[in-house]
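Here is a friendly walk through a ligand site and the pocket around it. Have the structure open as you read.

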Amino acid sequence: MDHDTSSRTPVTLLGLGDMGTALAHAWLAAGHPLTVWNRTPAKAAALTREGARTATTPAGAIASATGPVVLCLLDDTSVAEVLDGVDLSGKDIVNLTTSTPEQARELARRTEERGARFLDGGIMAVPPMIGRPETGGYVFYSGDQALFERHRATLEAPAGAKFTGNDPGHAALHDVALLSAMTGMFAGIAHAFALVDGEKDLDRTAFAALLTDWLRAMAGSAQTMAAQLESGDYTEGVVSNLAMMAAANDTLLGTAAGQSVDPRLLTPYMDLMRRRVAQGHGDEGLAGTVGLLRSA
Ligand code: FVH
C-alpha cells in the first residue's frame with residue numbers, strides 16, 4: 001500500500017479474533033498506523049509483518065494511544081478483564097464487542113468515570129465483509145457524538161458507520177434487534193426446509209431461490225408495522241388481516257403434522273396471533289403482537 005501513514009489517525013486495537021483480525025487488516029490497508037494487543041500473542045504475528053506494532057499488555061497499548069482505542073473481544077466479561085486497572089484518562093474508547101444495551105451503558109459509565117470518552121458499537125457484518133464496502137457491512141455506533149464525529153473517517157475504513165444516538169445502549173439495542181429478527185428468520189427457514197426435506201423429487205437449490213425471493217418480498221411488512229405502531233391504528237394499510245392469518249395457521253400446522261415436522265418454532269408466534277384475534281382485533285395486521293410481547 002502506498003498510503004501516507006503520517007496523515008492517518010493511529011488506531012489501537014485490543015482483540016485479534018476473527019473479527020479483530022479483519023478490522024486490523026482493513027485499517028492497515030487504509031494506511032492507519034496500528035497498534036495491536038491480543039491475549040494470545042501469536043495471533044499478532046502476521047499483522048506485525050504487515051506493519052502493525054505489537055503491545056505486550058493492554059495497559060501499554062492504551063498508554064501509547066493517541067487515536068481511538070478499539071476493543072473487539074469475545075464478550076463484556078473479557079472487556080472488563082482487559083480494562084481492569086488500566087489508566088483510561090483522556091483516552092477515546094470504542095467498544096465493538098457485542099453486548100447488551102445495559103452492559104454498554106454500564107461500560108460507558110465506568111469508562112467515563114475513569115476519564116475516558118466512550119462510544120459503543122454493534123457490528124452488522126461478518127469478517128469477510130470487513131474492508132469491502134460493496135458488501136454493505138456497517139457498524140452501529142452510540143454514545144459520545146463528538147467522539148464519533150472526530151473519528152468518523154477512521155471508523156469508516158473497515159465498514160460503514162451509522163450513529164444511533166447519545167444513549168450508549170442504542171447501538172447494542174439496534175444490533176440485538178436486527179440479530180433477533182435474523183434468528184426468527186433462520187427459524188422460519190429451518191422449518192420450511194424441514195417441510196420439504198423428505199420429498200425425494202424436490203430440488204433444494206431451486207426451493208431456496210423461491211424462499212429467498214418470498215422473504216425479500218415480505219420484508220417490507222416491517223415498514224407497514226412501523227407506520228401502524230407510530231399511528232396507533234393497527235388496521236392502517238392492512239392487506240392480510242389477522243383473523244385470516246390465524247385461520248391459515250391451522251393449514252400450516254396441519255401441513256407440519258402431515259410432513260412429520262415439529263411445529264415448535266412457529267407455535268409461540270401463532271399463539272400471540274390467536275390471542276390478539278380473541279381480543280377482538282381480527283381486522284388488524286400483526287402490529288398488535290408487539291404489545292403482547294412487551295407485556296409478556
Ligand atoms: N465473527 C463474527 O461473525 C461476528 C460478527 C458480528 C460481531 N461479532 C462480535 O465481535 C466480537 C469479536 O468476535 P470474533 O469473531 O473476533 O470472536 P473470536 O474469534 O472468538 O475472538 C475473541 C477474541 O476475544 C479474546 N478474548 C476472549 N476472552 C478473553 C479474555 N478473558 N481476556 C482477553 N481476551 C479475551 C480472544 O483472545 P484469544 O483467545 O485470541 O487469546 C480473541 O481475541 C464478539 O463480541 C462477537 O460477538 C463477531
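## The pocket and its ligand

α1, α4, β6 (117-124) and α7 (170-197) each contribute at least two residues to the lining of the second largest pocket. Helices (H or I, at least four residues) and strands (E, at least two) are DSSP runs, numbered from the N terminus. A pocket here is an open set of points on a 1 Å grid over the protein atoms alone, where a 1.4 Å probe fits, with protein on both sides within 12 Å along at least five of seven lines; lining residues have an atom within 4 Å of a point.

This is a predicted model, in which local features need pLDDT of at least 70 and side-chain atom pairs count only at pLDDT 80 or more, while totals for chains, interfaces and linings use all residues. Residues are numbered from 1 along each chain as its sequence is written, and side-chain values use heavy atoms, with hydrogens and water left out.

Which strand gives the largest share of the lining of the second largest pocket? That share, 4 residues, comes from β6. The lining has 30 residues in total, and Gly-17, Cys-72, Leu-73, Leu-74 and Asp-75 lie nearest the pocket centre.

The ligand sits in this second largest pocket (more than half of its atoms lie within 2 Å of the grid points). Two or more residues of the shell around the ligand come from each of α1 (18-29) and α4 (76-83). In that shell, 22 residues surround the ligand, the closest being Asn-38, Thr-40, Lys-43, Glu-81 and Thr-98 (near means a heavy atom within 4 Å).

| Residue and atom | Distance to a ligand oxygen |
|---|---|
| Lys-43, side-chain N or O | 2.6 Å |
| Leu-73, backbone N or O | 2.9 Å |
| Leu-16, backbone N or O | 3.2 Å |

Taken alone, the ligand exposes 900 Å², and the protein buries 77% of that (accessible areas by the Shrake-Rupley method with a 1.4 Å probe).

Definitions and conventions
Polar contact = N/O pair within 3.5 Å; in protein donor to acceptor, adjacent residues only side chain to side chain.
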